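Dear colleague,

Please find below the structure that I am handing over to you. My notes on it follow directly after it.

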Amino acid sequence: MGQISSKEMLLFEYQETRSEISEIRRIPEKWGAVMLPLATGIMALGVDSMEKLPHVGVVFLVILSMVTIIIWRLIGYNAMYRIKILSDHLVKLEKKRTKQKKSEIEKDESVIADVDWQKLMHRPRSFIPMLSQQALLDIFAGLYIMVGISISIVKIYWF
């Protein structure tokens, strides 16, 4: 059995890091698929029972719904932080990899010569040129919270 060279170890670590970044990018979407319908259902239950429940019950349901949205956004922020840390590590690996002799890199077909991972470091853009996807999600979460507060105010003052 031959030993694994440092070049092969570096390549393996490079590919594993790229794979991990790809997986982390999907975490907010997966959680969003659960948290958004859950929060919406809780909010709808609160609105539907505005006349039936006491003030505390409706306010509790609205707060529960808002906390669900906040947790979803915090999961997104955590994923972005982890991607940033891994991207910094990827930059270091890329620098180490480019220090290898150019002839070795050209001979080795398993080395990924592209730098597609750098696209992962930039925030995804939205269809609105001035706002990133992250900003749109934050605006959505803020509006959701404002609607929840409005529902609580309506319940307290009109029912």
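In which helix does Ile149 lie? Ile149 belongs to helix α5, which covers residues 133–158. Helices are DSSP runs of H or I with at least four residues, numbered from the N terminus.

Please note that this is a predicted model, in which local features need pLDDT of at least 70 and side-chain atom pairs count only at pLDDT 80 or more, while totals for chains, interfaces and linings use all residues. Residues are numbered from 1 along each chain as its sequence is written, and side-chain values use heavy atoms, with hydrogens and water left out.

The nonpolar core

The largest nonpolar core has 12 residues, among them Met35, Val58, Trp72 and Tyr144. Such a core is a set of buried Ala, Val, Leu, Ile, Met, Phe, Trp, Tyr and Cys residues joined through side-chain atoms within 4.5 Å. Buried means under 20% relative accessible area, exposed means over 50%, and partly exposed lies in between (1.4 Å probe, protein chains only). As for this core of 12 residues, at least two of its residues come from each of α2 (27–48), α3 and α5. Helix α3 gives the largest share, five residues.

Salt bridges

A salt bridge is a side-chain nitrogen of Lys or Arg within 4 Å of a carboxyl oxygen of Asp or Glu. By this rule, there are two salt bridges. In one of them, Asp138 pairs with Arg73, and the closest N and O atoms are 3.1 Å apart. Asp138 is in helix α5 and Arg73 is in helix α3, so this pair ties together parts that are 65 residues apart in sequence. Arg73 counts as buried because its relative accessibility is 5%, whereas Asp138, at 28%, counts as partly exposed.

Asp88 and Lys84 also form a salt bridge, at 3.2 Å from N to O. These two residues are four apart in helix α3, which means that about one helical turn separates Asp88 from Lys84.

Surface patches

Patches are made of residues with over 30% relative accessible area and no salt bridge; like charges are joined within 9 Å, and nonpolar side chains (Val, Leu, Ile, Met, Phe, Trp, Tyr) within 5 Å. Ile149 is part of a nonpolar surface patch of about 760 Å², which also includes Trp158 and Phe159. With a relative accessible area of 42%, Ile149 is partly exposed.

A patch of positive charge is formed by Lys92, Lys95, Lys96 and Lys99. Lys99 sits in the loop between α3 (55–98) and α4 (102–107), and Lys99 counts as exposed because its relative accessibility is 72%.

With kind regards

Terms used:
Accessible areas come from the Shrake-Rupley method with a 1.4 Å probe; for residues, only the protein chains shown count as cover. Lys and Arg count as positive and Asp and Glu as negative; His and the chain ends are not counted. The place of a charge is taken as NZ of Lys, CZ of Arg, CG of Asp or CD of Glu.
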